[in-house]
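Here's a quick tour for anyone meeting this protein for the first time. Have a look at the structure, then read on.

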Amino acid sequence: NYDITYVNGVLEITKSSKPVVITSGNETWEYDGSDHSYAQYTVKYGNDETITGAEGQTEFTLSTGDKITVSDAASVKYVADTADKNNTYTYVLGNADQYASVTANYGKLTITQAPLTITADSAKKEYDGKALTDNGWQDTEPVGLKGTDAVESVTVTGTITNVGKKDNVASAAVVKNGDTDVTPNYDITYVNGVLEITKSSK
């Protein structure tokens, strides 16, 4: 008894308006001649969903079921590598086109100087009218070198001619690893040696 006309409804899904924000962590190491990375990430989805990953965790699942996979964590080795937002990475978000906003924030990886102590040599002799000098620094092993780093040179200055004592002063060390100058990675403390002339026993 009816001539029925059917009118279709429409099912529509729009992009999620909740922002997805991926943030890598911050970390600091003292220089040791090795590469360092910090693969720690926090994922926020809107204001009510936060996933804080353990270090090394690279896969995160949103409440939508979509997964974020993080890779290619940055690394630092030298003090000069320190910079804001240098903890970079890449990511893949499943169904990324279903989200209106996805942001990658980068943390900071820091390398601080390592302490290094270099001591100037000391020397002693009886008075003979001639100046006493000693430009050495190897009598006392440098303390604090990392890995295969080595002190290549040190400027040592000091002189004394008459009876008494004077400082033998070390400065301007150059530290290398192979052909690479790694001096800026050290906070160098210089310890003076002593030049001493005693009275002639003759």
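Predicted model: local features only at pLDDT ≥ 70, side-chain atom pairs only at ≥ 80, totals over all residues.

## Salt bridges up close

Another one of them ties Lys-146 to Glu-30, with 3.7 Å between the closest N and O atoms. That pair links distant parts of the chain, 116 residues apart: Glu-30 belongs to strand E2, while Lys-146 is in the loop between strands E12 and E13. Lys-146 is partly exposed at 23%, and Glu-30 is partly exposed at 40%.

Then there's Asp-84, whose side chain meets that of Lys-108 at 3.4 Å, N to O. Here strand E7 holds Asp-84 and strand E10 holds Lys-108, 24 residues apart. With 60% relative accessibility, Asp-84 is exposed, because the cut-off for that is over 50%. Lys-108 is partly exposed, at 31%.

## The overall build

Stepping back, the protein has 17 strands and zero helices. Its radius of gyration is 32 Å, well over the 17 Å that the globule rule gives for 202 residues, so the protein is more spread out than a compact globule. The C-alpha trace spans about 140 × 30 × 20 Å along its principal axes.

## Inside and outside

Of the 202 residues, 32% are buried. The accessible surface is about 12300 Å², and carbon and sulfur atoms account for 46% of that.

Conventions:
Residues numbered from 1 in each chain as written. Heavy atoms only, no water. Helix = DSSP H or I, 4+ residues; strand = E, 2+ residues; numbered from the N terminus. Rg over C-alpha atoms; globule rule 2.2 N^0.38 Å. Buried < 20%, exposed > 50% of the residue type's maximum accessible area, 1.4 Å probe, protein only. Areas by Shrake-Rupley, 256 points an atom, 1.4 Å probe, with all protein chains shown as cover. Salt bridge = Lys/Arg side-chain N within 4 Å of Asp/Glu carboxyl O.
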